[in-house]
Amino acid sequence: MGELRLMKGNEVLAEAAIRCGCDGYFGYPITPQSEVMETLMARQPWNETGMTVLQAESEVASINMVYGAAGSGKKVMTSSSSPGISLMAEGISYIAGAELPCLIINVQRGGPGLGTIQPSQADYFQSVKGGGHGDYKMIVLAPASVQEMNDFVALGFELAFKYRNPAMILTDGAIGQMMERVELADFKPRWTEEEIKVKSGAWATIGKAIDRERNVVTSLEMDSAKMEANNLRFQQKYKQMEEEDCRYEEIMCDDAEYILVAFGTSSRVCQKSVEIARAKGLKVGLLRPITLFPFPKKAINKLAEKAKGFLSVEMSAGQMIEDIKLAVYEAGKNTRVEHFGRMGGIIPTPGEVVEALEEKFSWEISYGVKRYY
Amino acid sequence: MELKDIIKPENLVYDKSEVQTDTIMHYCPGCSHGVVHKVIAELIGELGIQEKTVGIAPVGCAVFAYNYIDVDWQEAAHGRAPAVATGVARLNPDKFVFTYQGDGDLASIGSGEIMHACNRGENILVVFINNGIYGMTGGQMAPTTLDGMVTSTTPFGRNADLNGYPMKITELIAQLPGTSYVTRQAVHNAASVRKCKRAIKKGIQNVLDKKGTSFIEVVSTCNSGWKMTPVAANKWMEDNMFPFYPLGDLKDGVKGEPVSKN
Amino acid sequence: MAKVKGAVVVDKEGCKGCGVCVNECPHEVLALHREVNSRGYHYSYMENPENCIGCINCGVVCPDTCITVYRVKV
């Protein structure tokens, strides 16, 4: 059993980075994630593991520092909150195009614009559909507890290096600021130069040895045929992610007639909603996507066969609902999919979710059969 | 003496550096980029640092710099080369990291990144090509375009009321304490190329000695953008660019010194 | 004073005919050829080879690194 601590989500992200052998962190302050860099600076990991921590002049610079460091084969990360991630969109697109592994953390706040500093899940589209220009995807992990904040740092790096692709931890101000018991991972040493050479020497700018071609980290290709081939390779990679690295959790779905679908903070709310609904005699279950990309389509396909309805519970105007609808459509079903959400930094209450379920599926609940449109 | 008696390996006095690739450069005839590329390749070879060099290419005409100098390269987003270089240099302190940027890249879209990298005193060399124009996109106004100069977006000449003033970014950089060496050079004739080479060599040596940022502006021509022959462009540069962008060292000191000599 | 003789070899196909070397040569050795290379450029060549002292100025200023210079003491 690892070391047990009571810690804030943001602090755990920093601690987990040090412990998993991260080589560098580049960031810029923004509420509600500033504790990530503050914790790192206070911990001074450069004395302990040799990890570099640098406060950049902007999110634009941070993500490009990540690009440079990742391009040299190192394990590097950045963190920010919604408006900062928008600024990073250019860099993330370049990182995806140049096929560099790195970890990006978005501790979401309400938008659009400067919005608010309270928690939100309104960056779902930005995270899972690309966000920057061009056809690309990130692996998106959605932790629902401080423990998962710890676990997903190492997992994020593992997946990023497996696919040579940026990975994102998409969380929000609630989990970032929340204190919970966490079992910290054991310390893992940083990779040595020799290990990096073996792992990434084929593409990383580790210095051109006389006996090999130079490595060029770039997303540029002027030949359209070659650029299309690059894109096809990326798509193949995203497909492989869908096949091999889709993660989700099902809670009381076995006999469920109504499925709540929620991730992160809203999935914690929904766990309570399931209890309340069950006490009322409604057979409700919860599907919690852990990876938002790849999205657990197959789980939805399967649940769509017997469920009377899906309720997508999000702290947004309804973004993930589109992916649920697509998965239901792909399963050849016409199970009804509805949305309930709060915006602007408000977290829905478990009771509100149950009320919304009863209201939106009142036909099915009253007559006991599916209602088709 | 017959030519064949002179052209023998033992009489060779000037040849392409082995660090430069055989690829024919995509630059227009007479472009200053080629000369600066060549000088950098020669120095990397002469100093024996090919295996520890990482170049950061810009967006602009020099985007393909990685095709010509045989070292590991990263191609940065427009203006972000100093941030990318920071990432490489901070995590690989034993590497020689340099950026190669044009005036649009460095002085316009990337003005924030260059200021802060120089202010932090990142241990990198910055080679800054200033030809007063955006070459790659077709000759638009750059921050360094001279007052009255005609470009495709200032067809009646740059007008300060409409377009602002030409920017002496190197003078601004020289004020930053993170820099150790800030200079302005040119490559329009053999003497200036030799001088520029000495300056770049000093910049590289500073990085190897971990002295902070070295910043080398090369006042250059863009004869296609300026719509002149290469030889006429060199002359025009001497007559018009040099008075506004005077050649010479602006700071030659140590990191941490707040003010330049000027 | 030792006299020197030089010779310049221009990579005809690499030359873009910018003429910077011609302008830079202190002894009017180089000129642009009437013919063009396969890419359509009037390439540089030694018009007056006997004048060459192998000063390498042409090589130093060449943006396309297509000039090789030889020098011998006579």
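Reply: Helices (H or I, at least four residues) and strands (E, at least two) are DSSP runs, numbered from the N terminus. On that basis chain C contains two helices and four strands. Read from the N terminus on, the elements of chain C follow the order β-α-β-β-α-β. The model is predicted, so local features need pLDDT of at least 70 and side-chain atom pairs count only at pLDDT 80 or more, whereas totals for chains, interfaces and linings use all residues. Residues are numbered from 1 along each chain as its sequence is written, while chains are lettered from A and ligands numbered from 1 in the order in which they are written.

The overall dimensions of chain C come next. Its radius of gyration, taken over C-alpha atoms, is 12 Å, close to the 11 Å given for 74 residues by the globule rule (2.2 Å times the number of residues to the power 0.38), so chain C is as compact as a globular protein of that length. Along the principal axes, the C-alpha atoms of chain C fill a box of roughly 45 × 20 × 15 Å.

Of the 74 residues in chain C, 46% are buried (20 or more other C-beta atoms, placed from the backbone, within 10 Å of a residue's own). Among the contacts in chain C with a separation of 6 or more, 63% join residues 24 or more positions apart; a contact requires C-beta atoms, placed from the backbone, within 7 Å.

The neighbour considered here is chain B. In this interface, 29 residues of chain B are in contact with 29 residues of chain C. On the side of chain B that touches chain C, at least two residues each are supplied by α1 (3-6), β1 (12-14), α2 (32-47), α8 (190-208) and α10 (230-244) of chain B. With four residues, α2(B) gives the most to that side. By class, the side of chain B that touches chain C comprises 17 nonpolar, seven polar and five charged residues, where Ala, Val, Leu, Ile, Met, Phe, Trp, Tyr, Cys and Pro count as nonpolar, Asp, Glu, Lys and Arg as charged, and the others, Gly among them, as polar.

Strand pairing also links the two chains. β1(B) pairs in the antiparallel sense with strand β4 (residues 67-73) of chain C, over two bridges; pairing calls for at least two bridges found by DSSP between the strands. In this arrangement Y14(B) stands opposite V69(C) in β4(C).

Methods:
Contact = placed C-beta atoms within 7 Å. Buried ≥ 20, exposed ≤ 12 C-beta atoms within 10 Å, placed from the backbone.
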